[in-house]
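Trainee: I would like to learn how to read a few features of a protein model, one after another. Could we look at it together?

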Amino acid sequence: MNNTILRQNLKNFFSNLFEKKSVDDVIETAKKSELRKTLGAFDLIILGIGAVVGTGIFTIVGSAIVGGPEGAGAGPAIILSMVLAAIASIFSALCYSEIAAMIPIAGSAYTYTYVTMGEFMAWVVGWILMLEYAIGNITIASAWSGYFAQFLKGFKHVLPDFVTHFPIWLRNDYRSISVMCDRFGFDIHDKVPFLFGKIPFALNLPAIFIVVLLTLILIKGVKESTRFAGIMVAINLFIISTFILVGSQYVQPENWTPFMPNGFSGVVMGAFLIFFAYIGFDAISTTAEETKNPQKDIPIGILGTLAICTALYIGVALVLTGMVPYKLIDIQAPIAHAMHFVGKDWFAGFISAGAIAGLTSVLLVYQLGTVRILYAMSRDKFLPRSLRVVNRKTRIPNMLTWICGLIVIIGSLFMDLNISAELCNFGTFTSFIVICIIVLILRKTDPDRKRPFKVPFVPLFPILGIMFCAGLIVYSLKTLKTSSIIFPFWIIIGIIIYFIYGYPAHRDKNRKK
């Protein structure tokens, strides 16, 4: 008797773990959404460019070229890294376009996983997406701080010295300062104050400031946020185009030699880091419930973003590596530093202003995506109901928006740019692999459903997307020690939270219906 009860309980347990949501129910939920539908195809491209261009060009391109403590850089062969990342992205972008047009709902890969793989896998993917967006935002906030410091240096004859050269411990995390001191032979006690002689104190004030400011903008409404992002993107594109035109005059072909200083390993690691930028595709799909015509506009937004951004990436990479010997490229503010390197200090300040605008739009889009994913998880009763309360006037979940901002602020105190970018990449690759798998599943289980956009050459293209992303993950594990430990640890924490809170809470609330 007891064995029968035990078997039945186990059967119910596993049945609950893999319980799926109906696609029709999900679409019906989207129609009743409290979020306001205000976005068109142009708005989505703006959000996509805002997320992809600023991220890759102004933050991680320096690390991808030079390398870091745990990975070799691509050197001038960064253009090959970008092509490799773009090829890996196109398959995932096509898969995103098909699913987002077919299931236009907030939550992105989390929701898509729920209707194909069930509750438990949906939670894991949602947990990974939280890492992807929140940690990605920490990376961008760190880079924003670096460009802001460069921008202030342009006012050294106008503003006081303590403003234009404010202490390094007020604009960096401790780990980044420690790496810099090791690199240049500085004594860290000269750069960072130690409380009670033992506890280092470092605070990234510019990063905290911009996150608070953007959180205030986001709670005003999604359309207002998109207008602000549009202005930032316009400035961003103008600055990048100008850099390519002006910088090309200072290109010295000998700087492209050796072209592949670290061989194919450097090219692959460069592609791994550059891929960080392509989270912008996922950010577009998270706004599906706020898009007027998602079936048509989301594929245009995703594929348009990929085409424009890849062209800009390659142009900037060619000019940057041609202007500055790759070993001398600055990691935190590579574009502005390149102009300083060729003696164009006034233009470096101009670049820094554009970078600030570009990274501001990235922060805005990432924060927007984080909130929408958590909103979807809260609506599915895996997170407290209070988190999804929407402001009646702005139609924005205010509490979630502030919580996401606070997470980024706390993270910026402890994580450096390289580690956070690597963690974000692990999340991005994982979600892209899941999206490709979902296309294959839905083509098999729901072949007759209307698909406004269809991935060509199925199953070949989704399989290629899986292979490219999985290959880059496996290859990177050889050298990335810290992030490759933190990422699985993050997943384990998520699984524990699911079984302690998410699973029982979801069951209890379903019983009360």
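Trainee: At what angle do helix H15 (residues 334-341) and helix H16 (residues 345-379) pack, and how far apart are their axes?

Mentor: Before that, please note that this is a predicted model, in which local features need pLDDT of at least 70 and side-chain atom pairs count only at pLDDT 80 or more, whereas totals for chains, interfaces and linings use all residues. Residues are numbered from 1 along each chain as its sequence is written, and side-chain values use heavy atoms, with hydrogens and water left out. Helices (H or I, at least four residues) are DSSP runs numbered from the N terminus, while axes are lines fitted to C-alpha atoms over the stretch in contact, with angles from 0 to 180 degrees between N-to-C directions. H15 and H16 pack at about 170 degrees, with axes 7 Å apart, and they are therefore roughly antiparallel to each other (under 35 degrees is roughly parallel, over 145 roughly antiparallel, 65 to 115 roughly perpendicular, the rest oblique).

Trainee: Which residues of H15 and H16 meet?

Mentor: Contact means heavy atoms within 4.5 Å. By that rule, Ile335, Ala336, Met339 and His340 in H15 meet Asp345, Phe347, Ala348, Ile351 and Ser352 in H16.

Trainee: How do H4 and H19 lie to each other?

Mentor: H4 (residues 78-102) and H19 (residues 460-476) pack at about 135 degrees, with their axes 8 Å apart, and are therefore oblique to each other. Among the residues that meet there are Phe91 in H4 and Phe461 in H19.

Trainee: How is a pair of aromatic rings described?

Mentor: Such a pair is described by the distance of the centres and the angle of the planes. Rings of Phe, Tyr and Trp (its six-membered ring) pair if their centres lie within 6.5 Å, and planes under 30 degrees apart count as stacked, over 60 as edge-to-face and the rest as tilted. The structure holds 17 aromatic pairs. Phe457 and Phe461 form a tilted pair, 5.2 Å centre to centre with 55 degrees between the planes.

Trainee: Is Phe461 buried or exposed?

Mentor: Buried means under 20% relative accessible area, exposed over 50%, and partly exposed in between (1.4 Å probe, protein chains only). Phe461, at 17%, counts as buried, whereas Phe457, at 58%, is exposed.

Trainee: Where does Leu442 lie, and what does Leu442 touch?

Mentor: Leu442 lies in helix H18 (residues 417-445) and counts as buried at 3% relative accessibility. Leaving aside residues up to four places away in sequence, Leu442 touches Met102, Ile103, Thr116, Pro447 and Arg451. Leu442 and Thr116 are 326 residues apart in sequence, but 7.1 Å apart in space, C-alpha to C-alpha.

Note on methods: Helix = DSSP H or I, 4+ residues; strand = E, 2+ residues; numbered from the N terminus.
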